[in-house]
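Reader: I have a protein model open and would like to learn how to read it. Can we go through it by question and answer?

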Amino acid sequence: MKILNVVGARPNFMKMAPLMRVLREDSSFQCILIHTGQHYDTKMSDVFFHDLDLPEPDIHLNAGAGSHARQTADIMVRFEKVVEEQQPDLVVVVGDVNSTLACSVTASKMHVPVAHVEAGLRSFDRTMPEEINRVVTDAVSDVLFTTERSGNRNLLNEGKRPDQIHFVGNVMIDSLKFALERMDEQPVLRRYDLEERGYAVVTLHRPSNVDDPRNLHTVISMLDMLQQRLRTVFPIHPRSLKMMEAFGYGEPLRRMANLIVSEPMGYMEFLSLVRKSRLVVTDSGGLQEETTCMGIPCLTMRSNTERPVTIEQGTNVLVGLDKRLLADQLEQILNDQFKKGSVPELWDGHAASRIVNVLKTMES
């Protein structure tokens, strides 16, 4: 079976790496790794290939940045040529970024079956670009691999057949376990003079939080409150930094004495930082899952999540842009009264193997 495996942005790399490792161990698959170029700089892309032991892409589309429409269209045009040349039996897409949408729609229109890894997740918030990407990708996909039971229910409610849906667990956790087993103690705590469990980690990049000046004002206020209570490390996304500077919040950030603003970190370095932290404040989807698996309290600055299992079973709590709620949850964490959580079903590091077992039945 000839498979085109598509990645484009850093969340994709963590999801594709374990699948590529298992696929390349099986001679019945011919795997071609496509990098669309959606994330194209060293800190957002190249370092992740090294940290995850992900092979160099076989084909690079070099699509680069742009508006949602321009970037998606550029990827579609370039990917169409690859599909014409390669004549694959299957296209595998992961996650919910623009590359996922672009390549799944292109393959489907060219009558190439599509498999979506991390299917069925729903925030039910169509203002999120990722939600549009998830819904459309699932609509055109032929094989759907889910990370939690809610995904199965969502797909069935949207008219997918039961035989198309496979609950396999979470490849993101495959990568997490792969990294933790191989991780040397990173010097990140020494570099920033941090004490284990003595600091918070913050990541922010959602347009709803950083593109709206009123929301961003609230975000900065919440960040200030957090850093007054606990040393805080903020590896800042390039786009978030750009928006904060544009709205005049660069200098207020630099004046926060207990806040450490750093450049984006590699996967291993960032995981080491999170694993030793007291808590995480984020608007990321994947980090909700990683903190749940590591047992680290996670306060999510969103009003919804497409990963409800991280709330129902895990260590995640939605705080939105409610400064008082953030303060209340922080108090519980600092007083060791926060919920403990548990690791969800099939988040055991073997999701990629289950996916490949399903693909082998397709081949036969």
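This is a predicted model: local features need pLDDT of at least 70, side-chain atom pairs count only at pLDDT 80 or more; totals for chains, interfaces and linings use all residues.

Reader: Which strands sit at the edges of the six-stranded sheet with β10 in it?

Author: The sheet is open, and its order is β10-β9-β8-β11-β12-β13. An edge strand pairs on one side only.

Reader: Which residue of β12 is the bridge partner of V281?

Author: Strand β11 covers residues 279–282, and strand β12 covers residues 298–300. The two run parallel and are joined by three bridges. In β12, the partner of V281 is L299.

Reader: Which strands does helix α10 lie across?

Author: Helix α10 spans residues 213–229. The angle between α10 and β9 is about 135 degrees. The strands that α10 lies across are β8, β9, β10 and β11.

Reader: At what angle does helix α13 run to β8?

Author: Helix α13 is made of residues 267–275. This helix lies across β8, β9 and β11. Its angle to β8 is about 135 degrees.

Reader: Is S277 buried or exposed?

Author: S277 sits in the loop between α13 and β11. Setting aside neighbours within four places in sequence, S277 is in contact with R197, Y199, V201 and I296. The relative accessible area of S277 is 1%. The cut-off for buried is under 20%, so S277 is buried.

Reader: Are α7 and α14 parallel or oblique to each other?

Author: Two packed helices are described by the angle between their axes and the distance between the axes. For α7 (residues 171–182) and α14 (residues 285–294), the axes are 10 Å apart and the angle is about 55 degrees. Roughly parallel needs an angle under 35 degrees, and roughly perpendicular needs 65 to 115. The two helices are therefore oblique.

Reader: How many residues in the contact of α7 with α14 are nonpolar?

Author: From α7, the contact uses M172, I173, L176 and L180. From α14, it uses G286, E289, E290, C293 and M294. One of the contact residues is polar and two are charged, while the nonpolar ones number six.

Reader: How do α1 and α7 lie to each other: roughly parallel or roughly perpendicular?

Author: Helix α1 (residues 10–23) packs against α7 with the axes 7 Å apart. The angle is about 80 degrees. Angles of 65 to 115 degrees count as roughly perpendicular. So α1 and α7 are roughly perpendicular.

Reader: How many charged residues does the contact of α1 with α7 have?

Author: M14, K15, A17, P18 and R21 come from α1. V171, M172, D174, S175 and F178 come from α7. By class, six are nonpolar and one is polar, and the charged residues number three.

Reader: Is strand β1 buried or exposed?

Author: K2, L4 and V6 point one way from β1, while I3, N5 and V7 point the other way. Both sets are buried. Six of the six residues of β1 (residues 2–7) are buried, so the rest of the structure largely encloses it. The word for β1 is buried.

Reader: What is the bridge partner of V6 in β2?

Author: β1 pairs with strand β2 (residues 30–35) in the parallel sense. Six bridges link them. In β2, the partner of V6 is I34.

Reader: What do the buried residues of helix α6 pack against?

Author: In α6 (residues 149–157), the buried residues are S150, G151, N152, N154 and L155. G159 follows α6, and its phi is positive, near 95 degrees. The buried residues of α6 pack against β5, α5, β6 and β7.

Reader: Is R254 buried or exposed?

Author: R254 is found in helix α12. P252 is also in helix α12, and at 21% relative accessibility it counts as partly exposed. R254 has 52% relative accessibility. The cut-off for exposed is over 50%, so R254 counts as exposed.

Reader: How far apart in space are R254 and V92, C-alpha to C-alpha?

Author: Along the sequence, R254 and V92 are 162 residues apart. In space, C-alpha to C-alpha, they are apart by 42 Å.

Key
Residues are numbered from 1 along each chain as its sequence is written. Side-chain values use heavy atoms; hydrogens and water are left out. Axes are lines fitted to C-alpha atoms, for helices over the stretch in contact, and angles run from 0 to 180 degrees between N-to-C directions. Helices (H or I, at least four residues) and strands (E, at least two) are DSSP runs, numbered from the N terminus. Angles under 35 degrees count as roughly parallel, over 145 as roughly antiparallel, 65 to 115 as roughly perpendicular and the rest as oblique. Contact means heavy atoms within 4.5 Å. Ala, Val, Leu, Ile, Met, Phe, Trp, Tyr, Cys and Pro count as nonpolar, Asp, Glu, Lys and Arg as charged, and the others, Gly among them, as polar. Two strands pair if DSSP finds at least two bridges between them. Buried means under 20% relative accessible area, exposed over 50%, partly exposed in between (1.4 Å probe, protein chains only).
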